[in-house]
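Morning, everyone. I have one structure to walk through today. Please have a look at it first.

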Amino acid sequence: MPWNAKSLCFLSLLFYVDIGFAKELPITSFSQLPSISNPNLSPNGQQIAQIENYLEPELSVLSTLNLATGEKKYLVKSDNEKVKINWFTWANEKTLIVSVRFASKIRTVSFTETRLLAIDIDGKEVEQRNLIRPKDSRDSKHISQFQDNVISFLPDDPEHILVAIDLDKANLPSVYKLNVNNKKLQRLEKGKMEVRDWMADRQGNLRLGEALDYDSGEASIRYTNLGDDTWHKMFEHNALEEPGVKPLGFAKDPNILYYRAYQDDKLALYKMELKSQQSTLVFADPDYDVDGSLIYSRQSNDVIGIRHANAKGGRIYWDENFSDFQKALDTAMPDTSNYLVDFSDDENTYLLYSENDSTPGAYFLGDRKEKSLSVLFEQYPLLLPDVLSSHKLVTYTTRDGTKIEGYLSLPPNTSGPIATILHPHGGPGAREYDGFDYWTSFFNNRGYAVFRPNFRGSSGYGKQFADSQMKGWGLTMQDDLTDAAQWLVAEKITDPQRMCIVGASYGGYAAAMAAVKTPDLFKCAISFAGVMDLEDIVSKSRHFLNKKFIRKQLGEDDDDLEARSPYYQANKIKIPILLLHGEKDRVVDVRQSREMADELADLGKDVTYVELENGDHYLSIQRNRHRVFQEMETFLKKHLATTSL
C-alpha cells in the first residue's frame with residue numbers, strides 16, 4: 001500500500017480510533033509474544049529477515065521474506081525452551097549470521113552460552129552451519145562460553161567477519177578473521193593486556209581494546225594507530241573506584257574515536273582525534289545522561305547521530321539529510337513516535353517503526369525515491385487504541401526533597417481514587433520510558449491505574465542518582481517507592497485500600513521488600529523472578545570473574561545483607577504475596593523464589609508460588625507468559641476487589 005490517502009485512512013484506524021469506551025480483552029491479547037520482531041533488511045533492500053512468533057504451535061521462527069516475489073523461507077525454529085534465537089543480521093545477500101543462546105550448568109553453577117551460525121538462503125534448500133567448532137579451541141579442557149562476539153562485518157569483504165573469542169585462554173579473547181562459507185579461522189591478534197573487548201574501525205582494522213584486571217579493578221583503553229604495531233594506553237582508572245569512559249565506535253575517518261564519559265554528573269558524547277589525543281564535546285543534555293548508541297549511515301559509513309531517549313523520536317541527527325527526513329516523517333505521522341530502524345546499503349529502502357503509548361506499534365516499508373510508505377505488520381494485532389491508555393510523565397517529591405519522574409497510566413474514562421498498581425522496573429540500573437508497555441496496558445485494561453517511577457538507582461539521571469543503588473538496595477531506593485505510593489494516595493489517584501506493588505527482577509525484590517518494610521501500605525505484592533536473598537547472591541558471585549563488582553554493588557557485611565533481604569525478614573510480611581519464577585532462570589536463580597516461598601509457608605504467611613517449566617528471566621516461552629498473566633489476573637481480582645470494566 002503506497003503512501004497515499006488509503007494509507008492515511010488505514011493509519012487513522014491503526015493509531016487514532018477512540019470510540020469512547022474500553023472493553024476487557026482476553027489475557028492472551030496482551031501476553032502473546034509480538035507477532036513479528038527484529039526485522040532486518042538485506043543489503044540491497046530486497047529481502048527482510050524477521051522473527052515470527054506463532055501461538056499454535058508455540059514456536060518462534062526465523063524467516064526471510066522476498067519483497068519482490070513474496071516468497072518466504074523458514075530458516076530456524078525454536079520453542080524457546082532449550083535454544084533461543086539471540087540476534088541475527090545479514091553478512092551478504094545470501095548468508096545470514098545468527099546467534100543462539102542456551103542454558104548450561106556445571107555442578108551447581110548455572111550460566112548461559114552462545115553459538116554462532118551461518119545460514120545460506122540462496123539455494124533450494126536452506127543450509128546451516130555452526131561457525132565455531134569445538135576443535136578450534138587450543139585448550140581441550142576449555143570451550144568458549146560466548147562465541148557470538150562479532151566486532152566487524154568487514155564491509156569490503158562479504159565472505160569474512162571479525163570475531164573475538166577466548167579460544168586460547170578463558171576470558172581473554174583473541175581476534176580472528178572467520179570465513180562464513182568454509183568456517184576457516186585466521187588469528188589476527190592473540191588475547192593479551194587483559195583486554196576483554198576488542199573494537200575494529202569502520203574499515204575493519206583492529207584498533208582498540210578495553211582492558212580490565214578483575215582482581216585489582218585496574219582498567220584502561222588500549223589503541224593502535226594505523227601502520228603502527230604499538231598498543232598505546234589511555235583513560236587509565238580503577239573501575240572499582242571510579243567511572244571510566246566507554247568507547248562507542250570510530251568515525252569513517254579511522255583517526256576519530258567517539259566515546260561516552262561524564263561531564264560533571266551527566267554522561268555526554270565526545271570524539272577524540274587519536275594521534276593528537278584531543279577531545280571535543282559532541283553532544284550533552286543538561287538534564288539526562290546521553291547513554292545511547294551511535295547511528296551510522298549505510299551509504300557514507302560515517303556517524304550521523306546518536307540515539308538519545310529524551311530527544312523527540314529518540315534520535316539526535318547532525319546529518320542534515322537524515323534530520324530533514326526524520327522531520328518529514330514526523331510531520332506526516334504527528335501522533336506517533338517514529339523510529340528509522342534499518343536501511344538498504346543505498347539508503348533508498350528503509351524500515352520504520354511507529355508507536356505511541358496506546359498503540360503497540362507497526363513496522364512500515366518505505367521507498368525514498370518513490371516517496372511511498374506501506375504497512376508491513378503490527379506487533380500486537382489483537383490490541384487497538386480504543387482499549388489502551390496513554391502515559392503521563394509526572395514528578396513527585398520524596399521525603400528528602402528529591403524530584404522523581406515517573407509515568408502514570410490511567411484506564412480510559414475513570415476517575416480516582418481507584419485500584420492501583422505500583423510497578424517498579426527491573427535492573428535496577430534501567431529506567432522507564434514512554435511508549436507501549438504490555439504489562440501496563442494489561443493492568444489498565446483490567447481497570448487499574450499504573451505508576452512506574454524512575455526511583456533513585458535508575459539509569460539516565462546522572463551518576464549521583466544512579467549510584468544510589470550501590471549498597472543501597474532496600475534503603476533510599478525503597479523509600480522512593482514508599483513515597484510514590486503515598487503521593488498517589490495524597491493526589492487522590494489511588495484508593496489506599498486497593499493498592500498492590502508488582503515488579504520483575506529487581507522490581508520483584510522491591511515488591512517483596514515493600515511487603516517487609518511497609519506492610520500496611522499495600523494490600524498485596526507480586527514478584528516475578530525477584531531477588532530475595534542478597535547474601536546468597538554475593539556468596540554465589542565467587543564463581544564468577546565480576547565478584548568484586550557484585551560486592552561493590554550489594555555489599556559484603558552479612559548482617560547488613562540479611563537486613564536488606566526479604567528472605568531473612570519474611571516474618572514481617574503481613575500481606576498476600578504471589579511469587580513467580582522460571583525454572584531455568586540464568587539471571588536470578590529460581591532458588592531465590594523457591595526458598596522464599598518455603599520460608600513464608602513455614603511462617604504461615606499467605607503465599608502463592610508458581611514455578612514456570614523451563615522458564616527463563618524474560619518470559620520467552622509463550623505458555624509461561626500466558627500463565628504469569630493469568631496468575632496475576634486471578635491474584636489481583638481477589639485482593640484488590642475491583643470490578644470489571
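Let's start with a hairpin. Strand β28, residues 391–397, pairs with strand β29, residues 403–409, in the antiparallel sense over seven bridges. Thr395 sits opposite Glu405 in β29. Five residues lie between the two strands, and Gly401 in the turn has a positive phi of about 90 degrees.

A word on the source and the terms. This is a predicted model, in which local features need pLDDT of at least 70 and side-chain atom pairs count only at pLDDT 80 or more, while totals for chains, interfaces and linings use all residues. Residues are numbered from 1 along each chain as its sequence is written, and side-chain values use heavy atoms, with hydrogens and water left out. Helices (H or I, at least four residues) and strands (E, at least two) are DSSP runs, numbered from the N terminus. Two strands pair if DSSP finds at least two bridges between them.

Next hairpin. Strands β3, residues 59–66, and β4, residues 72–78, run antiparallel and are joined by six bridges. Thr64 has Lys73 in β4 as its bridge partner. Again there are five residues between the strands, and here Gly70 takes a positive phi near 80 degrees.

Now the sheet. It is open, with four strands in the order β24-β25-β26-β27 and antiparallel pairing. Which strands stand at the edges? They are β24 (337–343) and β27 (372–378); each has a single partner strand, so one side of each is left without a neighbour in the sheet. From one strand to the next, the twist averages 30 degrees. Helix α3, residues 320–332, packs on this sheet and touches β24, β25 and β27. Contact here means heavy atoms within 4.5 Å. The direction of α3 makes about 130 degrees with that of β24. For angles, axes are lines fitted to C-alpha atoms, for helices over the stretch in contact, and values run from 0 to 180 degrees between N-to-C directions.

Inside the sheet, β25 (349–356) and β26 (359–367) pair over seven bridges.

Buried means under 20% relative accessible area, exposed over 50%, partly exposed in between, with a 1.4 Å probe and protein chains only.

Last stop: Glu595, in helix α11, residues 591–602. Glu595 counts as partly exposed because its relative accessibility is 39%.
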